[in-house]
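Open the model in your viewer and keep the selection panel at hand. This tour moves from stop to stop, and each stop tells you what to select.

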Amino acid sequence: MSQKLITAKRKTVSSIPRPRWQRVVRRFARRPMAVTGLILVVGFVLFALLGPILLSDPNQQDFAAILQTPSLAHLLGTDDLGRDVFARIANGARVSLMAGVMSTALALIIGITIGLITGFYRGWVDVIVMRIVDVMLAFPFLIFAVGLAAILGASLTNVIIALAVSQVPEVIRIARGEAMAIREQEFVSGAVADGARDGTIMFRYIAPNAMGAFIVQATVAIPAAIIGEATLSFLGLGVQPPMSSWGIMLTSAQQYLAQAPYLALFPGIAIALTALGFNLLGDGLRDVLDPKETR
Amino acid sequence: MLRRTLNIGCIAAASLMLVSCASTPSASPSADEVVAGGIAVVALSDEPDTLDPTVANTFVARVVFTAFCEKLYDSNDSLELVPQLAASLPVTSADGLTVDIALREGILFNDGTPFNADAVKITLDRNLTLDTSSRKKELAALQSVEVVDENNIRLTLSRPFSPLGAQLADRAGAIMSPTALETLGLDFGTDPVCVGPFDFTDRVPGSEINFTKSDYYYDKDLVKLDGVTYKFITDPNIRAANLRSSDINVAERLNASDVDQLDADGVDVLDVSAIGYQGLTINTDPTMSSSPLASSVELRKAFELSIDRDALNTVVFAGQTTPDCVPLPKQMAFRPDDIQCTDFDSDAARALVEASGETLPIPVELLIPARPTDQKTAEVIQQMANDVGFDVTIKPVEFVSALDLGRAGDFDMFLIGWSGRMDPDGDMNDLLTTGGTNNYSQMADSEVDFLISEAASVTETDARQDLYGQALDRIDEIKPLIYLYHDTWFLGLADITGVEYSADAIPRFKTAELTK
Amino acid sequence: MSVLEVEHLRVEFGTENGPVIAVKDVSFTLEKGEILSLVGESGCGKSTVAMSIPRLLGDSHVTLGGSVHLNGVDLSAYSEKRMQEVRGKEISVVFQEPMTSLNPAYTVGNQISEVLLQHEGLSRRAALARAVELLELVGIPDAQRRTAAFPHELSGGMRQRVMIAIAVACNPLVLIADEPTTALDVTIQAGVLDIFRRLRDNLGTSIVLITHDLGVVADIADRVAIMYAGRIVEMASTAEIFAAPTHPYTRGLLGALPSRAIMQANGRRRLTDIPGLVPSPSTDPDQCQFAPRCASASIECTAARPTAEPVAVGHTVSCYHPAVGAML
Amino acid sequence: MLQRVITSIVTLFLASIVVFVGVRLLPGDPALVLAGETADPAVVAAIREQFGLNQPIWIQYFNYVGQALQGNFGVSTRDRIPVAEILLQRLPITLELAGLAILVGVLIGLTAGIVSAVKRGSFADYAANAFGLIGLSVPHFWLGMLAILFFAINLQVLPASGYVAFTEDPGENLRRMILPALVLGTGLSAVLMRQTRAALLGQLSADYVRTARSKGVSRSREVKHALRNSLTTVVTVLGLQLGALIGGAIITEQIFVIPGFGKLIIDAVSARNYPVLQGAVLVAVTGYVLVNLAVDIAYAYLNPRMRLAGGAR
């Protein structure tokens, strides 16, 4: 608010405006919550990458050590087949992060391309695309994802596709909105007047300026996709054993809720912490980047 | 190889099981006070399909039928035939082509209309002719039904078929009220009327089916309850929890892992070794399956040797199933007495695998229905088989699709069970015979075909038992199927006594009473 | 006694990038029926002065210093609760943005009555009737019907008139108008200024008019205070400022005053044609802040801050090198 | 607004095609499911014919839509009970769950959002923010499991699951709905809290709030000004969250074994009960579209600018 009084309404419009990244980083670093989020995310990424190297085989069964409570030998205990829960959570981190990040990336690539084109050209392309988007949005996310996963069959790839497709309409809407707004700005009309090609305008002028909105959308979408993956896996529509996923671990933990509650605890905490990390990161980035704040 | 030598351990284990299996009419250990009337709430593990005996297919529907829809025959603890609506056991002619059945007299359907030979004929004809009848195949040998008089019918068969009695002890023998059939036709299942201790009241889809005590039932003096409500609760943990809180009186198919805790909480738990089996069906047609298992008996044997059935039982089922290597349940009278299974021997298995000359590890794609227990079983088998040189990949597919794939022969190995029948014919014919609809393994062996069809036409029990023994030996040589175990089912009882839970694992509430 | 006395006003914002001293040291008085104009570039702190008088900057990140006396009573000692009784009744404000300063969800009549209900203890019906009168007063035709209108149904000029109606509803002693005409078309500007003039003439309202538009100043103000970097650098009667600007910055401003023709062609033109940059508001060194941009700056200008010295009757200036005489 | 209604109808029409085709793309033959373990090919063929599954898909579609418009959604393949009857039976259950969850969500979310925005930087704000973030990051089904673990298994104060009809025993019905509604409502309240806070903060720094302040009104009236304009956001979010709520209900009903719509859909998927699945998903989608239409109308009411403009966004 105070910022506003001092610097408000002093926008230079002569060149393509871009956020100054150093400043962005500095502002980001001053937010302890955002930094916590970054640490959590980086932590889980490292955990996912290093876990398989450092920890025991997540699929190694040990019938002599079934349903053991956490101990030094098994930090988070063992599951119903005597497998090390810690190693399985590390393995699950990989699945979760892959599903979260890849589905969101896929959704962004498809959604931004379509959104920019429809927002830029408008006309009948826009009408048709928006009808399709409306229809897709008419389906509650989980029903859509469950249906798609059931049609495609259960596998990690299909979960990623199902989650990505479910996210696309939202991305299209955002990209379209940004394209329509930025298109009207002076530096774009200038470029149009200079005879720049449509593709150049869309991807050199409009896209970079909408980047803030896209990054914010990504940080909202990734944790949602991570939870989505866990949910689909929990329903048996996600990755399949022996591959482990946090959702699957929770499915089998449900059977042992009374006997071995820790089986339900740790994978859930892992999901929550990862999602929390991305949400914190997202909140931080939104504060730093969100164009809405300066509007 | 199935050796016919006596093994003390195995038999001892089996007889121990039998002791617990055969615990028929439920003991009521606590001296609880009996309450007059009341409605027993029973939790089923799944929602039954339509309550029309001609088309019904689910196991849970069979459970519900016992409340309101009696059959010509029923089975006892050894899965032997006993009369229910029939007055006596069927009388088969010397050539085996005519079967006479005497009916009980003076019995009324739950709508008050009389039960008689005409009604039986109408039901059986419907079973034979309705397009969507699932009973057609079961009654394939039945050519025609003839009303001899008010209380006698004569069945004419196209070939001698001794399992007929067993079929009439199942849904095919459940007699429907002709009046109700007339009114409802195809929709009989929406308001079914038969002979039974209870009468259908209503059904709340997805939730429950309600029955009230019948006024017309012949044994109505024995019926103490005012009614029975069957609720559908798919999650076994929740069935157990509701039992503990006395929200329900009976819960079917509880988790083995919950049993001890339930006992401690004062819930009575009865168990029965279910008549069905679980097994690994191997595709034996090399044109359909690319796995070396398809063409090599030795490798199939190696696979069996790699599996520690007892460990599987301990780890996945808390020691509560009955490991076995034949399809016939232990309580079945026709089961050969001297079955010896191939024991777990990983060294022998590894030796066989290495001797096969195939490139190791040997790939096997294991098709499984995507259900938690199946997945866990598959994971354990995967580890065991991989230990000796196989490379098992698990392919979980949603149940119905898995059946599709199984039928199409699109698999290397398929983890699939069979719910079991009262008569051994139902556990082997069509499942192991050439061209059978459920012969997923694609096995085609004329000796097996002959033995199974011969056993069905012979009436004498010892002779049948012997023929099935020979068939099982031959099947063991070919190994189209690695039988794993028979499930043990647990029935939890809270504040109820007098529940019958016998060898067919179907709880009956005719004589049940609520307690305080 | 002056109606309003502002002494050594200092306003500091805590921001992420450290403190910003928007107003460093501002003192002035306002007499009954006087129109004082605060003039300066964007960011010089003039709006902050306007907002801090009725303590509208209310935010935990703001530190206020100095004192504000209203009719001799020290407002800085007032609790927030007592300030609420002052706002809208004794001191009221007209804001710069007529498009956003009205609540889009309430009718115009509703928003005018609110202030009457708050301070005058009128019934809802009486307040609404008074709202119609006020709308007529600010020159809105068909006032009765307009009370039921929502802000988005009115033009910018109309909305600004509504804002003024709200501000004058309780006959305030002091009206603070923060760039009231900036967002309006030139033709409408004149009408709005006319309302101010009538208020002063008819009700004796004292007005602080914040603007960067010297044309407006010349048109309506009695006295002018020129602000630069959080301080008043020169203060004099309107006639004196235009006739004999003394501070080099004032002279620069006047020199940069665009001709009418330019104003009409490009209404957004700002008074930034003096070479150099506005100094950073985060520091307050003991020197003349204008020195880096000043043609006549000498060594002493950067050695110590000049104090306000009278150069004529009612004309003070903070400069070591005050210019004398009219501009060429 | 009329245009908005027409758009909704077109959307529903297209959605019905998607549902119809989608349902038929599910692997697994419904006739085979019905035919059961022994599945006689002749029986399978007969079932197919009986349910019209052997006809070309567009004919099936037009027959279906024609009937559906008259309120006839066919009969369940599993038990031959009319789908409309099943839907009517299940819908109130899910509506109750959703209603309670919305109540929980709005009570907690709106209150926390308002307090946190008004008392920005206070302990309450941090607490509300932490709640919002955690609520957003925790999956429903895990929360459900924890709730069962804690309240049903450890404390044994509330039943783990099961459903009792309200008409049967209102007290027991509510007792059994507490946990599911809390679980489902928590996620909603987290989103609502964050959105309310953001919207209210945005509005609190709006110029018109400063205007209100300059009038000398109290802090609570200032907040009221801002709140009135934040409600549009809140209502929109609530409408959009309905989708998440339906999804959440699926999982919640699964975990707490509530025979509502979500469970109906999941069960119908695994039983390949085409008529039930179609009917249920169509009703869910229709509900979603209608609620969002209602939201747009409410939006117009809350935001006078929209009344004349005659369309949203």
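Two residues are in contact if their C-beta atoms, placed from the backbone, lie within 7 Å. Helices (H or I, at least four residues) and strands (E, at least two) are DSSP runs, numbered from the N terminus. The model is predicted: local features need pLDDT of at least 70 and side-chain atom pairs count only at pLDDT 80 or more, while totals for chains, interfaces and linings use all residues. Residues are numbered from 1 along each chain as its sequence is written, and chains are lettered from A and ligands numbered from 1 in the order in which they are written.

**Stop 1: chain D, helix 3**

Select residues 41-50 of chain D. Which residues of helix 3 are buried? They are D:Val43, D:Val44 and D:Ile47. Buried here means that 20 or more other C-beta atoms lie within 10 Å of the residue's own, again with C-beta atoms placed from the backbone. Look down the axis of helix 3 of chain D: its buried residues fall within an arc of 100 degrees, so they line one face of the helix. The arc is that of the directions from the helix axis to the C-beta atoms. Then step just past helix 3 to D:Gly52, which has a positive phi of about 70 degrees.

**Stop 2: chain A**

Of its 295 residues, 53% count as buried. Take the contacts in chain A between residues at least 6 apart in sequence: 72% of them join residues at least 24 apart.

Next, select 85-121 and 156-183 of chain A. These are helix 4 and helix 7; their axes come within 5 Å and cross at roughly 35 degrees. Axes are lines fitted to C-alpha atoms, for helices over the stretch in contact, and angles run from 0 to 180 degrees between N-to-C directions. Helix 4 of chain A passes helix 7 of chain A in a right-handed crossing, meaning that the near helix is turned clockwise from the far one by less than a right angle. Color the contact between these two helices by class: it has 23 nonpolar, 8 polar and 4 charged residues. Ala, Val, Leu, Ile, Met, Phe, Trp, Tyr, Cys and Pro count as nonpolar, Asp, Glu, Lys and Arg as charged, and the others, Gly among them, as polar.

**Stop 3: chain D against chain A**

Bring chain D back. Here 36 residues of chain D are in contact with 32 residues of chain A. On the chain D side, helix 1 (2-25) is among the elements that supply at least two residues. Helix 1 of chain D gives the most, with 8 residues. By class, this side of chain D has 29 nonpolar, 7 polar and no charged residues.

**Stop 4: chain B against chain D**

Of the 5 pairs of chains in contact, chains B and D share the most contacts. The contact takes 33 residues from chain B and 37 residues from chain D. Helix 12 of chain B gives the most, with 5 residues. This side of chain B has 8 nonpolar, 16 polar and 9 charged residues.

**Stop 5: chain C**

Chain C does not touch chain B; their nearest C-alpha atoms are 47 Å apart.

Technical notes: A residue is buried if 20 or more other C-beta atoms lie within 10 Å of its own, exposed if 12 or fewer, and partly exposed in between; C-beta atoms are placed from the backbone.
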